[in-house]
Amino acid sequence: MVIVNTDYITGKELKMLGLVKGSTIQSKHFGKDLTQSLKTLVGGELKAYTEMMDKARTLATDRMVAEAEALGADAIVNIRFASSSVMQGAAEVIAYGTAVKIL
C-alpha cells in the first residue's frame, strides 16, 4: 500500500475510490499519568505521552489502510492526521485520506 500526503503519485494515473479513515482513543494508566504530571513541574519531553501518541497514530493508520484495502485500493493519497483531547489524559487520533486505484 502506497501512502502519501500529496494528492498525486508522480507518473501515475489514479482512480479515486473514496474517503478512508481510521481512529483510536488512547489513554495512559494512572501511574504513568501521575509521573508525567510531575514532569511538567521541571519541564522536558513527556516520553510516555510521546509513545502513546505514536502508538495511536500507528493504530489509526493501520485501520485506515484496512478500510482502503477493503475497497480494493492500491494507495491512499492526501493523508492527514488530526488529534484532540477527549478528557484528561486521553486523546483521539484520526488518520484520513483518499483511497485510490493506480491505473
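A residue is called buried at under 20% relative accessible area, exposed at over 50%, and partly exposed in between (1.4 Å probe, protein chains only). The model on display is predicted, so local features need pLDDT of at least 70 and side-chain atom pairs count only at pLDDT 80 or more, while totals for chains, interfaces and linings use all residues. Residues are numbered from 1 along each chain as its sequence is written, and side-chain values use heavy atoms, with hydrogens and water left out.

Begin with the whole chain, coloured by secondary structure. It holds 2 helices and 4 strands, as DSSP runs numbered from the N terminus (helices H or I, at least four residues; strands E, at least two). Their order from the N terminus is β-β-α-α-β-β. Of the 103 residues, 29% count as buried.

Next, select strand β2, residues 14-27, and find Ile25 in it. Ile25 is exposed, as its relative accessible area is 54%.

Now select Lys21 and Glu67, whose side chains form a salt bridge with an N to O distance of 3.4 Å. The term denotes a side-chain nitrogen of Lys or Arg within 4 Å of a carboxyl oxygen of Asp or Glu. This pair links distant parts of the chain, with Lys21 in strand β2 and Glu67 in helix α2 (residues 47-70), 46 residues apart. Lys21 is partly exposed at 41% relative accessible area, and Glu67 is also partly exposed, at 26%.

Finally, select Asp74 and Lys101, a salt bridge whose closest N and O atoms are 3.6 Å apart. Asp74 is partly exposed at 28%, as is Lys101 at 33%.
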